[in-house]
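This briefing is meant to be read alongside the structure, one topic at a time. Please keep the sequence at hand while you follow the points below.

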Amino acid sequence: MVTADDRPDRPSSVDGALPVFSVVDIETSGLSTSRHRILQIAVARVDDGEVVDEWSSLVKLKWPWQRVGPRRVHGISRRDLKGAPDATSVLAEFAARTDGTVLVAHNMSFDWGFIERAARAYRVDLMPPPRVCTLWLSRRLDPDRQQSHRLADLCDRYGIDNDRPHDARFDARATALVLPKLLADHGITDAHGLAPFYER
């Protein structure tokens, strides 16, 4: 089993300041966690409202002829994945990079469902981190659902460019740039203000 260092239940913050965020995005071969797999995963680290680090990786297929799903959406082919690191290595790297941070995604239940299942399947020790969903943060600002809350529409509203949607690295970066805008619109400036927005 691949293991990681013991992780705190909650990321540490300095004098109640906002914690460091790891903004994740994945591309998958389909929508079912039981039948489909992660093809690409990316993390953009946000500290004090700025993107300070980015990482992404394709994930090698377990068998060469496994389906990759809708290439017209994610643009990933079997050939692209042939020389990629295996899932165990990628998930271990993901665990190390997100250790001690708050995990963020746009539609967290989707991304975390795939990541958690893959970690179990490949026996990678992945402690459940505190999680925040930008889709939910955005919807909370619009209780009457007067606006669209898709990532592309949030980018338009906040003036953020995303030239390659459905590429995990670019979507993670776009979400990382949207996150401080949403936190500001909620008036969230410290760990205490963020606490009610963790997924349970």
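A salt bridge is a side-chain nitrogen of Lys or Arg within 4 Å of a carboxyl oxygen of Asp or Glu. The model shown here is a predicted one, and by this rule the count comes to six salt bridges. Side chains of opposite charge can pair when their charged atoms come close.

**Salt bridges**

- The side chains of Arg131 and Glu199 meet at 3.9 Å, N to O, which counts as a salt bridge because the limit is 4 Å.
- This pair links distant parts of the chain, since Arg131 belongs to strand β5 (residues 131-133) while Glu199 is in the segment after α8 (191-194), 68 residues apart.
- Arg131 is buried, with a relative accessible area of 13%, whereas Glu199 is partly exposed, with a relative accessible area of 29%.
- Arg97 forms a salt bridge with Glu93, and their closest N and O atoms are 2.7 Å apart.
- Because Arg97 and Glu93 are four residues apart in helix α3 (residues 87-98), about one helical turn separates them.
- Asp53, Glu93 and Arg97 are linked in a network of salt bridges.
- A further salt bridge joins Asp153 to Arg150, with the closest N and O atoms 3.0 Å apart; here Asp153 counts as buried at 18% relative accessibility, while Arg150 counts as exposed at 53%.

- Asp25, which lies in strand β1 (residues 21-28), is buried yet has no salt bridge, and the nearest side chain of opposite charge, that of Arg169, is 11 Å away.
- Leaving aside neighbours within four places in sequence, Asp25 is in contact with several residues, including Gln40, Ile41, Asp111 and Asp171.

**The largest pocket**

- The largest pocket holds about 640 Å³ of space, and of the 24 residues that line this pocket, the closest to its centre are Asp25, Glu27, His106, His166 and Asp171.
- Strand β1 gives the most to the lining, with four residues, and the elements that each supply at least two lining residues include α4 (108-121) and α7 (168-186).

**A strand pair**

- Strands β2 (residues 38-47) and β3 (residues 50-58) run antiparallel and are joined by eight bridges, with Val46 standing opposite Val51 in β3.
- The two strands form a hairpin with two residues between them, and Asp48 in the turn has a positive phi of about 55°.

Conventions
Residues numbered from 1 in each chain as written. Predicted model: local features only at pLDDT ≥ 70, side-chain atom pairs only at ≥ 80, totals over all residues. Heavy atoms only, no water. Pairing = 2+ DSSP bridges. Buried < 20%, exposed > 50% of the residue type's maximum accessible area, 1.4 Å probe, protein only. Lys, Arg positive; Asp, Glu negative; His and termini not counted. Contact = heavy atoms within 4.5 Å. 1 Å grid on protein atoms, 1.4 Å probe; cavity = no way out; pocket = protein on both sides within 12 Å on 5 of 7 lines; lining within 4 Å. Points joined across faces, edges and corners; volume = space filled by probe spheres on them.
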